[in-house]
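This report covers domains, cores and chain contacts. Begin with the sequence and structure below.

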Amino acid sequence: METLIDIVLLSFLVLTALAVAKMHDLFAVVMLSGIYSLLSASLFLDLDAVDVAFTEASVGAGISTLLFLASLKLVGRYEKRTRYRPMLALGVVLATGTLLIYGTLDMPHFGSPDTPVHQHVAPRYLNDSMAEIGVPNVVTSVLASYRGYDTLGETLVIFTAGIGVTSLLRVSRRTKREEQQRVPADMQQQIILRVVAKWMLPLIMVFALYVQFHGDYGPGGGFQAGVIFAAGVILYTMLYGLSTTQKVFPRKMLELFAALGVLLYGGVGITCLLLGGNFLDYNVLRHDPVHGQHLGILLVELGVGITVASVMIMIFFKFTWRTVKHKYFVK
Amino acid sequence: MIELLLDMLSWVLLLSGSFFCLTGGIGLMRFPEFFSRIHAASLTDTLGASLILMGLMLQAGITITLAKLIMILILSLIAGTTASHAMAKAALKSGMCPLDQVDRSQQPEIKAYKDKS
């Protein structure tokens, strides 16, 4: 039965990918890539990787579809036809592909049980995580503690993306004045949506906090929580207007918080160093190593959540501000 | 006895829910224009999903799973209908008109709505 579900999901994935490659209607491409993410989330769920499925559903199908749509509003719906010679690109792709496949020949057979990963690392994590870290969700202990460096890198990637978008879509001094003015949202007249959103928003926020702080025990963590929180804010922005939301989340504050999250993560690492441990070795944070791990993971996940949420909101604000500016201020 | 009855009832609910999901899918493919398609699609996530959820509730018994399923039911009922409403309204706003009412699009109230938005 499980194999059957896998086969169906995988063939859907292939079909969606082919459709994405063939289409020129970018709106449909965005929708299809959302479907692609949802399908892969189901596939991960089928493989019992609940955390990964959760991340894929919230990041891939949720917020990136939203951000794509927001940027689509700026660039237009249809892909421009470009005249180019595909032969050179095809040659490069074929050569790289051949090299990559040649490289995989040295790797252990796919899924074979005697690969190094299944010999040393995985059993260690699965057997000793409860005694060493004391967190029931092994994924969280691997992500935030054993592989803390990697997660710091991922958080930095998101922070860098935020900086990149901010510096590309810089706000000039003249537009700063315009930014203060009140501008109605596009969906201002959608009364039913506004009522339902008002009812749902607190639930979304509470759910985000639950995902953030329950990540030690169930699927979830900083990445998912930050994205869900940002989705709630984005929903509010779409219905009540950019200027209303910016009263609660000013641009300066978002930039500050994006940096603050990374700083919190790095700061925990430095604190560990100062207390005599290794970088990101949370054992030294408290007298009891397991309590130290708990505190460290909590702080680190909080840092990830803050950075992810602020960067996502920031990017959405930037895109929306462009749209608003072209609609109301550029003559 | 009661258990058998509950089981049968739950299977009836599950199967009828699946039936509505299936008809929703077929309708989405076969109906001629947007508004009837959206009708079929919204059938999937109101009637289909709620019947399946109710069937699962009967399977779950009085546990924490039941509470979770009830929450999912409430959420999907509200979110699904709202999404369908938003889509239909967006379509109307962007100038689409139900197929059997194309000639009505010149009528004053629809025209006034379009001009306003």
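## Two domains in chain A

In this predicted model, the C-alpha centres of domain 1 and domain 2 of chain A lie 23 Å apart. Domain 1 spans 1-80 and domain 2 spans 137-331.

The two domains of chain A touch. Domain 1 brings 14 residues to the contact, and domain 2 brings 17. On the domain 1 side, eight of these residues are nonpolar, four are polar and two are charged.

## The largest nonpolar core

How many residues make up the largest nonpolar core? It holds 53. The members that touch the most others are V227(A), A230(A), V308(A), V311(A), M312(A), I313(A) and F316(A). Seven helices of chain A each give two or more residues: α3 (50-75), α6 (138-146), α7 (148-168), α9 (191-213), α10 (222-240), α12 (251-274) and α13 (289-328). Which of them gives the largest share? That is α13(A), with 16 residues.

The core also draws on both domains of chain A. Domain 1 (1-80) and domain 2 (137-331) each supply at least three residues. Nonpolar side chains tend to be buried together in soluble globular proteins.

I313(A) is among the members that touch the most others. Leaving out residues up to four places away in sequence, I313(A) touches A230(A), V233(A), F249(A) and L254(A). A230(A) is on the list of most-touching members too.

## A second core

A separate core has nine residues. L13(B), F20(B), M57(B) and L69(B) are among them.

## Chain B

Helices or strands: what builds chain B? Chain B has four helices and zero strands. From the N terminus on, its elements read α-α-α-α.

Chain B has 117 residues, and 12% of them are buried. Take the contacts in chain B between residues at least 6 apart in sequence. Of these, 61% join residues at least 24 apart.

## Where the chains meet

The contact between the chains involves five residues from chain A and six residues from chain B. The chain A side that touches chain B consists of three nonpolar and two polar residues, with no charged residues.

Terms used
Residues are numbered from 1 along each chain as its sequence is written. Chains are lettered from A and ligands numbered from 1 in the order in which they are written. This is a predicted model: local features need pLDDT of at least 70, side-chain atom pairs count only at pLDDT 80 or more; totals for chains, interfaces and linings use all residues. Two residues are in contact if their C-beta atoms, placed from the backbone, lie within 7 Å. Ala, Val, Leu, Ile, Met, Phe, Trp, Tyr, Cys and Pro count as nonpolar, Asp, Glu, Lys and Arg as charged, and the others, Gly among them, as polar. A residue is buried if 20 or more other C-beta atoms lie within 10 Å of its own, exposed if 12 or fewer, and partly exposed in between; C-beta atoms are placed from the backbone. A nonpolar core is a set of buried Ala, Val, Leu, Ile, Met, Phe, Trp, Tyr and Cys residues joined through C-beta atoms within 7 Å. Domain bounds come from an automatic or database domain assignment.
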